[in-house]
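The structure is shown first, and the notes follow.

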Amino acid sequence: MNRRVAVVTGAAGGQGGAIAKRLLADGFSVAACDRRADELAAARWEAAVGAVIDRFGSVSALVTGAGVLHRASLADETAEGFENAWRVNCFGAFLGIQATSEQLRAAAPAAVVNICSTGAIRLVPRHCAYGSSKWALRAAGRDRRRRSSPGRSRSSTAGNAFRGDEATAAARRVGSGE
């Protein structure tokens with residue numbers, strides 16, 4: 001069995017799709033998930049990880065690429081829009097990290113790559129929900145990185161300023177333990 005198995009969310013297209021294709025080309029077995037598998041339910045995540053284990057035998061990398069861009073200022077934001085951005089951009093990634101954590105601890109080397117945004121680094125006008133959810137995802141990634149075992153598990157955050165080959169190279173680099 002391939003020891004390099006990646007779960008990639010947001011793989012239906014865009015950056016997540018490019019990352020999934022690149023990891024396949026680099027010899028990873030890839031479980032490509034779309035955003036719906038990433039959004040709401042811990043039980044759905046547990047079932048998805050179980051299916052990956054049944055098919056590939058392990059999980060050694062998680063790329064949280066699912067995301068929604070929601071543009072509104074704080075004054076114009078709705079509770080529904082704010083909650084949806086947070087559920088997809090941050091809470092879904094949290095659930096994925098939780099659901100894969102046991103497998104990632106068992107794999108060596110292992111990696112989590114959270115795909116963030118420029119909005120995780122600086123404020124962008126009319127991006128209240130989006131920016132705040134990506135800031136939180138970046139913070140969660142930093143916390144995981146501080147608590148990861150050196151040489152066994154790595155955590156990285158790649159911004160969407162890294163497009164195409166740069167983002168996939170970052171995912172591959174972390175996934176391979178470089």
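## Cysteines and a helix pair

Cys 116 counts as buried because its relative accessibility is 3%, where buried means under 20% relative accessible area, exposed over 50% and partly exposed in between, with a 1.4 Å probe and protein chains only. The model is predicted, so local features need pLDDT of at least 70 and side-chain atom pairs count only at pLDDT 80 or more, while totals for chains, interfaces and linings use all residues. Residues are numbered from 1 along each chain as its sequence is written, and side-chain values use heavy atoms, leaving out hydrogens and water.

The structure holds zero disulfides, a disulfide being a pair of cysteine sulfur atoms within 2.5 Å.

| Cysteine | Relative accessibility | Nearest cysteine sulfur |
|---|---|---|
| Cys 90 | 12%, buried | Cys 116, 8.6 Å |
| Cys 116 | 3%, buried | Cys 90, 8.6 Å |

Helix 3 (residues 42-56) packs against helix 4 (residues 79-106) at about 40 degrees, with the axes 9 Å apart. Helices (H or I, at least four residues) are DSSP runs numbered from the N terminus. Axes are lines fitted to C-alpha atoms over the stretch in contact, and angles run from 0 to 180 degrees between N-to-C directions. Helix 3 and helix 4 are therefore oblique, a class left after angles under 35 degrees (roughly parallel), over 145 (roughly antiparallel) and 65 to 115 (roughly perpendicular).

On the helix 3 side, Ala 42, Trp 45, Glu 46, Val 49 and Ile 53 make the contact, meaning heavy atoms within 4.5 Å. Their partners in helix 4 are Gly 92, Leu 95, Gly 96, Ala 99, Thr 100 and Gln 103.

Notes: Helices (H or I, at least four residues) and strands (E, at least two) are DSSP runs, numbered from the N terminus.
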